[in-house]
Every structure is written in C-alpha cells, then in structure tokens.
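User: I would like to learn how to read a model of this kind. Please go through it feature by feature, with the general idea before the case.

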Amino acid sequence: MAGTLEFSPDDRYNAFITTCKEAPFSDGVLAGTPIAVKDNISTAGIETTCGSRILEGYVPPYDAHVVELLRREGAAIVGKTNMDEFGMGTTTETSAFGPTTNPIDTSRVPGGSSGGSAAAVAAGLVPMALGTDTGGSIRCPAAFCGIVGFKPTYGRVSRYGLIAYANSLEQIGPMARNVEEISRLLSVIARYDPRDSTMIDRPYKHQPSVDIEGLRIGVPEEYFGEGVDARVAETVRDAISVLEEMGARTVQVSIPGMRYALAAYYVICTGEASSNLARFDGLRYGPAVDTRKPWHEAYREIRQEKFGAEVRRRIMLGTFALSAGYAGRYYAKAQIARRNIKEDFERAFRSADIIAGPTMPTVAFRLGEKTDPLSLYLSDILTVPANLAGIPAISVPCAGSVDGLPVGLQLMGRRFEDERVIDAAYAYEQGVGR
Amino acid sequence: MKTIIGLEVHVQLSTATKLFCSCSTDYQNDEPNTHCCPICLGLPGALPRLNRKAVEHGLKVAKALKMNVLEESEFARKNYFYPDLPKGYQITQYDRPLAVAGTVEIEDDEGHEKIVRITRIHLEEDPGRLIHVAGGSSYSLVDYNRSGIPLLEIVTEPDLRSPQEARRFLNRLRSILEYLEVFDGDREGALRVDANISIEGSERVEVKNISSYRGVEKALTFEVTRQKNLLRRGQSVTRETRHFMEARGITTSARSKEEEQDYRYFTEPDLRPLRVAGMVAGIDLPELPTARKERFMAQYGISLNHARTLTGDPRLADFYEEVAYVDPFLAATWVADTLLGELNYRGMRITDFPANRFVELLALIRSGTITETVAVQVLREMLDTCAAGRPCEPPAMIVKREGLVRGESEEFAEIVRDVIAANPQAVADYRAGKKGALNFLVGQVMKETRGRADPRELGRIVAEYIDRGEV
C-alpha cells in the first residue's frame, strides 16, 4: 500500500515552517499515516531550519535515524513544525518564522519549544508528531494544547540527526492525541542506532495496559509548592486521585535538589549550546558569509544578524559559564547539582514506582505575556528535573481544566521504565474516559 | 645556560577510517572534499562514533611507552572558531587522557643512555586544511578530507636539553610508532610538533606549527639562540606563543600570555567515557627497536652503529634480516653503508627494492665474481630500473650482459702498460715517493677496466710494473 499523501492543511495556527504538498509513503505499521516532524530533526530533501534564520535554506543530505525509521514503517512526512529557535524557549515565540498560536485559544501560546508539533496535533492537522524535549519542550506544549507528549529515557531514542541544543539532556519523543498513539509511534522510533554512542539497545515493544493495581505513586511536595498555580495543583491532585481509585496508592516523596534544578539546567544547557551552535558560521550551509571579509569578521556579522536575541543570550551565558576561571564556579557546580537531583530521584523511586505532579506551574500564557526571560525560565521548573535525571516523563491532559484551558498531569518513571510510565498514563486516560 | 625543551607531538594514526566516521583516510591522491560525510563535515545533527582501531593503536603506544592507561578516560570539546574546524570545536581529550606517565630511551649529546619522560598521550581529531590560493587572492579554500583523521598527541616532560636531543627523541619515537604499525611517517603532515623552550631560570616560549623532522631541529636551534642572545644582552624572554616559519627558518611572535585563547573545555556529551584499561593486557607488542638492535648485535655479530642504523626503520630491519643469511657482516655493510645512501639519493624506500635481487648481488660479491666497484655499478643500475617502475633485472644478467665479471690481473697487463706509458709525470712522481701518484694510476686502470679489477691487486701490479722498469 505505497503511495503519495496530499497534504494542504489550513495552517491558521502557524504550526508548520514547511509543508510537503505531496508526501510519499510506503508499506509498514504507519503506512500512509501523516506525521509532522519538528524542524530541528534532519529530513533528507526537506528544509530544516530549527526555527532560525541561520539555517534558512538548509536542506539536509541525510535523514535523522527516527525519520529513517518513520519512512521505513510507511509514515508520510507531511511537514516540519514550528519551534522556538533551536529549542530555546517555552512558548514558540522565539521562532524566526513567527509564533504558533494555541488551537484551544488563539490568544495564547501553545507552549514550547515543540509548539508547532503540539498545535498541529491539537488542531487535528496530523494524528501524531515528533517533538524534542531538552527541558520540557515536548511536555510543556502538550500540557498547554491538551494533548499527550512523552519524553523517553535518555538513550532510548537515537539523537542521530537531531540538531543539538543540549546533547546531554535532550531526547526525541512522540506527541499525539492519546497514549495509545504515543505508544505506537514510540515503538517505531525507539530502535537501536549504533551511530548515537549515548544510546542503549532497549527497543520499545509494548502494548499499553490499564492494570495499575498496587502501583506506588510518589507525590513530591516540591511539585505543588511555591510558584505553582493553586488551581493547577488542585486539578492535578484530582487526577492523581483517579489513579488511586484505579488501584494505585500515593506516597510522599521529596526531591530536595529541585532548589538548584533550574540554575543547574540553564548552566548546562547554555554551556552545551554555546559549543553546539559554534558550527553555524555561514561557511558550509545556510545563508553564506561574505567571503571578501576576514573570516572572523564575517563570522561575527552573520551570527549577529541571523541568530535571534534569545539564542544570542544563551550562547553568551553558556560561553561565560564555561570560561576559564568561571567554569569551576558554574559548570562544575551545575554538574554536582545534576548528580544530586539524579540521586534524589533514585531515592524517591525506592518508595515509589511513578512520580506524579503538574507538567507546568500554570496554564498557557497569553502571547507576548512573558517578556522577561527569567520568569519564562522559571516556568520550566517542573519539567527540567526529568531531563537532568535522564528519566522518562509524560504529560497527559487532566480531565479538569482551569478557565477552560488544559492542564497537564506529569508522570515520571525510573530510567528505562518508559513502559510503566506509558501504562500509568494510559490507565488515567482510560479511567477518565477520554 | 641550560636549555630546557618539552615537546607536544601530534602523529596521524594509520587507521583505514577516520576517528569518528567511516570515511576513508586514504585521500592523499584524491580531489579536495571527496572523503567527507555529515559527521566529519560537522553537519547539524551528525554524531561522532569512536573508531575502535584508533583506540587500540593508542593503547599499543601506551603499552610500548610503559604508560598507565586510565581506568576511565573521556573526550572533551576544545572550542574555538576557525574555518578548517567544521564543528567550531575539536573533539580531543583534556583532563582525563588515554594514558599517563611513560618513558622513551634515547642517547644524550654525549652518547649516554637517557630517559625522556612522557607526560601523557591522548586521542583527538585532525581539523581540515586551508588552501591559500596563490596570487594574492582575497579568499582561501577549505579541504575537509583531513577533517577527522585520528591524531595521537604525545606530550613529553621538559626533559630534552638540546635541539639535537629533541631530534633524536623524535627519530626514536617515530621508530617505535612504526614498529607498532600505528603510524606511517612517510605521509605528508603525518607528524606535527609544538615545542616548549626555555633557558633555565627564564620564561618559557611555545613554538607552534613545526611540521617536519628537520623543521624541529631548525626551529629549536633558532629559538634557543634567540633566547640566549636576549639573555646575554641583559634582556628577558617574554612568555609567549611563537610560530615557526619553515621557509625562512625563524620563529615569529604569535600572541602573548595575556592574549591566550580560552578553549572552554568540557566533557563531550555525545561520547561515553572510555573504559579500556582492561584491553591492555591482551595487546601483544612486537619486538621494539632497542630489543631488535641488541638482538642484531648478538645474532649477527654486527657493530653497534650498523645495528642502530638497520633497526631504526622496521622495514629496513626486515630487509636486512631477509638478506643477512648470505653473510651477516657483508650484508650489514652493504645495506647500511651503500644501499641506504643510494635509496635516499633516488628518493626511494626500502620496500621499493626486492630483497631477493640484493641477496643475489651479495652472493656475487661474496664469491668474488664481481668487484665491489662493479657491485656498486650493478646496484645503481638495478635501483634505476626499479625507480623507473620496470622489473628489477637479476644482477647476474647485468654482469653477463655488460661483461663485468672480475678479471684476473694478467688480463689487464696491456691496459696497465698503456696507462703507465701515457702518464710519465705520474710515474715520475711515484718514483719520487709520492704515494698519491700510484692511486691516480690505479684509478686510470680501473676506469679502463670498468671496475672489473680488484683495486688492491691492481695497486700491487702497477707498482711492480714500474719497479721492474718495464716501461
């Protein structure tokens, strides 16, 4: 059943940077299924920009491993979705190609950085999409747009072909309207790839189950504390009680290292980013530098002109954090904080099988509402711990809402227990009859 | 004034593929940018995958230099911008290198054995190469064929005391690496050196960019002289980095300490830590140059000098061992004192010349079938044929074709008489007691006989003729 899928969506939310009018597909478990791919995942023959002017016109000569797998299983790659530039944002507003709006309420942001993928799924333009999650970039837009988004265990999905923002933190993951679709897409993309040295050969072959009898759900106080909207907290507590009714029981856990999570996260991700983004110099791809100028001047000019303000800010922060004389105070300390958080989770997972809390401290912001970078960074507080610890985490929509806006229930599991996280989310979804 | 020198030697490891991708390393005769892929071009999204062979090569070196291999080493990023560096960082090893604390034995300037301590060795990738277009063009070209070639950086302690010692160290190091079959020293750019030089009690200067063996001694000699002259004039040496201008044989200031680059090293997040210490025990080292030199002296009874020359290059040593059975002493003399020079003169390698033909030549010499003078002629002819790419003729055929079999002295009586007759002045000089005159006459006879006569015997005969007054 091979063929070509015609795709001409009414993209009123600016979910896509590129759409493919005719998307070829082949046989396989996803035969003919239209799938949107975040624009930081390399697609051979399809422009891949990372939402940045500096990659405008760049057409990768190769497919990311996940894209290879999608094509092999018959998926039709119908387009590349909008995103915060290089994944650096929580709203999709830093995209060089304009913001994406939230299909639930177009005056609001879809979340970020995989806002385009979330909006495309929420608006019904595609049944499923790929996002990437460095500090919450799948789960945040899933929560804000009322869909499901899953960040797998670090090392479960190949990063080969994912244009790096912060290598040690990020994973590619599925986004869809329900957990079953998440599981189906994950079973296609979570297959071993020797080209990613940080990958572990643990293919995902799992059928979601609602049986959560005896499941111990850890509820960390830190996830319901300061900065978390009371109504959001309440909605999430209601969701957790649904799981209790289905046979799970809750236990108190604590992640004291959360105090330093954001600081550690922003030092590590900007440090890595400052290095990852050094290759964008206009020499080999993207808009070309002026070769008549001395190379360092030409580099400076094109990087100043083509990188957006938030990207430049993070490159500068990261460069500073890694500089001689400061690296010990920032980068090395951040690694310690990261290790502490990892250990906190390991401890918590001795008494709990799953840890639950809100995905985001609030519901979706209004477009342009958050202009101060620091307050935006603060909204990542509940998602970054999973990236620092490398554990699987899902955001599944709560049955309840706040002011008619969706709230995400976040469920986290032990490393390589992605299946258990999927089951818990599936059980909740089935339990509330979505 | 005591000279203190430490070296950082970068050698290209001879692997079939690059350090982090499967591109071939055999690009020397190919067009620019034809041995590239998303990984070594640093395309967005590409990830490095470590070449196992390069690690094994590194471990071999570690074992040969008696180093400690770290239980866990790691790769790091060295961040800097340059057009030949496609990712904007070089993947190298920083505070946890592959191995530390080793030794290399050399001879000091007095010929005594000396230990040079090796601080560390680590793996890293080579950047690409800039090609500056001739004729004052406003741009340069970039060739990424070299990008990702595996390099091993070998860092010494500041144990070297003269430029000559540094050269001997490099020769020894090259020899060890070639014995280990991890390095091909004939490849262009296969070895590059940065040197730290100071005069005891003064600041240290780093000279970068030395890309040949000869360059090292030249650069160091220049730099040592420069620093000593400064100190003699009562000035001080500035701590700085200098570049070696190979063509002019001088070093020039590149940047001072204050302007030193900050490379912002951090752990490479795309690669796992390297735990390979356990592999060392399973590595079988070949016989190394020092051991082979000693064996040559014991087994073949040849001199220290010959043994040292013959074992410097493993291929040369192999060649010697193939031909030695004819007559170890004769073979050593002919390989070390004659063949090597003739090869160098033609820019040939020992592997370009078939050992069996050399065996035949030695046999002709040993049996007295040809004189040494003829043997040199025949050798030259064989080498010229090889150099021209034609099959090497057996020496016996050359001898036969050209009638070069050693003649009995009586055969040359007529020539001797003619030469004596044609050179009355030389005869008179000889009679007047000038020994040199006899050599001249012998030379003339040799020329006429095309070397077929034994010069010693000829000397006796010519003297006899003159003494007998037959002319």
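User: Where in chain A does F416(A) lie?
Analyst: First, this is a predicted model, in which local features need pLDDT of at least 70 and side-chain atom pairs count only at pLDDT 80 or more, while totals for chains, interfaces and linings use all residues. Residues are numbered from 1 along each chain as its sequence is written, and chains are lettered from A and ligands numbered from 1 in the order in which they are written. Helices (H or I, at least four residues) and strands (E, at least two) are DSSP runs numbered from the N terminus. F416(A) sits in the loop between strand 13 and helix 12 of chain A.

User: What phi does F416(A) have, and what phi does D403(A) have?
Analyst: Most residues other than glycine have a negative phi, and most peptide bonds are trans. F416(A), not a glycine, has a positive phi of about 65 degrees. D403(A), not a glycine either, has a positive phi of about 55 degrees and is found in the loop between strand 12 and strand 13 of chain A. As for the peptide bonds, the one from G112(A) to S113(A) is cis, with omega near 5 degrees. S113(A) is in the loop between strand 5 (76–81) and helix 2 (115–122) of chain A.

User: Why does D403(A) count as exposed?
Analyst: A residue is buried if 20 or more other C-beta atoms lie within 10 Å of its own, exposed if 12 or fewer, and partly exposed in between, with C-beta atoms placed from the backbone. D403(A) counts as exposed because it has 8 C-beta neighbours inside 10 Å. F416(A) has 18 other C-beta atoms within 10 Å, so it is partly exposed. R312(A), in helix 8 (residues 309–321) of chain A, is partly exposed because 15 other C-beta atoms lie within 10 Å.

User: In what order do the strands of the open sheet in chain A run?
Analyst: Two strands pair if DSSP finds at least two bridges between them. In chain A, 11 strands form an open sheet in the order 2-5-4-6-8-7-12-13-11-9-10, and the pairing is mixed. Strand 2 (16–19) and strand 10 (249–253) of chain A are the edge strands, each pairing on one side only. A parallel case is strand 4 (residues 34–38) with strand 6 (residues 128–133) of chain A, over 3 bridges; there V37(A) stands opposite L130(A).

User: Which way do the residues of strand 7 of chain A point?
Analyst: In a regular strand the side chains alternate between the two faces of the sheet. In strand 7 of chain A, V148(A) and F150(A) point one way, G149(A) and K151(A) point the other way, and all are buried. Strand 7 pairs antiparallel with strand 8 (residues 171–176) of chain A over 2 bridges, where G149(A) has M175(A) as its bridge partner. Strand 7 and strand 12 of chain A also run antiparallel, joined by 3 bridges; F150(A) is partnered there by I394(A).

User: How many residues of helix 4 of chain A are buried?
Analyst: Helix 4 (residues 179–189) of chain A is mostly covered, with 8 of its 11 residues buried. Among them are V179(A), I182(A), L186(A) and I189(A). Two residues are in contact if their C-beta atoms, placed from the backbone, lie within 7 Å. The cover over the buried residues of helix 4 of chain A includes strand 7, strand 8, strand 12 and helix 12 of chain A.

User: Which residues have the most contacts inside the largest nonpolar core?
Analyst: In soluble globular proteins, nonpolar side chains tend to be buried together. A nonpolar core is a set of buried Ala, Val, Leu, Ile, Met, Phe, Trp, Tyr and Cys residues joined through C-beta atoms within 7 Å. The largest one has 210 residues, and I35(A), L411(A) and A425(A) have the most contacts inside it. Helix 6 (residues 261–276) of chain A gives this core its largest share, 9 residues. A second, separate core of 33 residues includes A332(B) and L404(B).

User: How many residues does each chain bring to the contact between chain A and chain B?
Analyst: Chain A brings 35 residues and chain B 26 residues. On the side of chain A, helix 6 and helix 7 (295–306) each supply at least two residues.
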